[in-house]
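Subject: Structure for you to look at

Hello,

Please find the structure below. My notes follow it.

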Amino acid sequence: PTPSGSAAPPVQAQSVAATSTLAVITTFGVGVAPGSVAVNEGDDTVYVTNFFSNNVSVINGRTGTVAGTITVGSNPIGVAVDQVDDTVYVTNRTSGTVSVINGRSLDDSVTIPVGSNPIRVAVNDGDDTVYVTNFSSGDVSVINGRTRTVDDTITVGDNPVGVAVDEGDDTVYVTNFGSIVWVINGRTGSVDDTITVGTRPYGVAVDQRDDTVYVTNEGSNNVSVI
């Protein structure tokens, strides 16, 4: 599903690739329109959001089987894992909420209201802070992972989508459809800079080792390297 509301045809399976041989080693069914995926490296558990099923599939990475499903809010689209305390955060686009899942008990214990049309979510494991992009609100919700409350809301440009955290220097990068990447200081909660990239920047990821940021530009079919 894209932030504009369009959706790809429902997909019933998620594939696991063996990186050593680049071959698909197994395929198994999940929910309808699986979108985002996140991994807890500590216990080898995989979480997949199913946009039209309103749930999250939990996959046992060791056995390659679906261990269960967790019902969340309406149209879950983003997911991220706090590796330190085994907590999973899921953005529910239509509900305007974030579901907080206990990775040990696999229950959806807390629901946090955020902005309008939350899309992506990223976690800073170092200080237990969670960042959520709200597409229609034009802002980022900052969640305190300890108290499970929204501690701050940071205004960015129209239609923010992707978000990633550089934990080394506590910097948050947010893409929006105005061809801009917003650079947020995680310590102060202020916008320190804006960077012009390609058309309709969507995804963003940080290489923590060399402080490099990669941005996918949906409209110009290229990747900007920051």
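First, a definition: two strands pair if DSSP finds at least two bridges between them. Strands are DSSP runs (E, at least two residues), numbered from the N terminus.

This is a predicted model, in which local features need pLDDT of at least 70, side-chain atom pairs count only at pLDDT 80 or more, and totals for chains, interfaces and linings use all residues. Residues are numbered from 1 along each chain as its sequence is written, and side-chain values use heavy atoms, with hydrogens and water left out.

**The sheet**

β7, β8, β9 and β10 form an open four-stranded sheet in that order, with antiparallel pairing. β7 and β10 are the edge strands; each has a single partner, so one side of each lacks a neighbour in the sheet. From one strand to the next, the twist averages 25° (axes are lines fitted to C-alpha atoms; angles run from 0 to 180 degrees between N-to-C directions).

β8 (residues 87-92) and β9 are antiparallel and joined by six bridges. Thr91 pairs with Val98 of β9. The two strands make a hairpin with four residues between them, and Gly96 in the turn has a positive phi of about 70°.

Six bridges also join β9 to β10 (residues 107-113), again antiparallel. In β10, Thr111 is the bridge partner of Ser99, and Asp108 is that of Ile101. This hairpin too has four residues between its strands; Leu106 takes a positive phi near 60°.

**Thr97**

Thr97 belongs to β9 (residues 97-102). Is Thr97 buried or exposed? Thr97 is buried, because its relative accessible area is 12% (buried means under 20%, with a 1.4 Å probe and protein chains only). Five of the six residues of β9 are buried. Leaving out residues up to four places away in sequence, Thr97 touches Val90, Thr91, Asn92, Thr111, Ile112, Pro113, Val114 and Pro118 (contact means heavy atoms within 4.5 Å).

**The largest pocket**

The largest pocket holds about 680 Å³ of space. Its lining has 26 residues, and Val79, Ala80, Val121, Ala122 and Val163 are the closest to its centre. A pocket here is an open set of points on a 1 Å grid where a 1.4 Å probe fits, with protein on both sides within 12 Å along at least five of seven lines; lining residues have an atom within 4 Å of a point. The volume is the space filled by probe spheres set on the points.

β3, β7, β11, β15 and β19 each supply at least two lining residues. β19 gives the largest share, five residues.

Best wishes

How values were computed. Buried means under 20% relative accessible area, exposed over 50%, partly exposed in between (1.4 Å probe, protein chains only).
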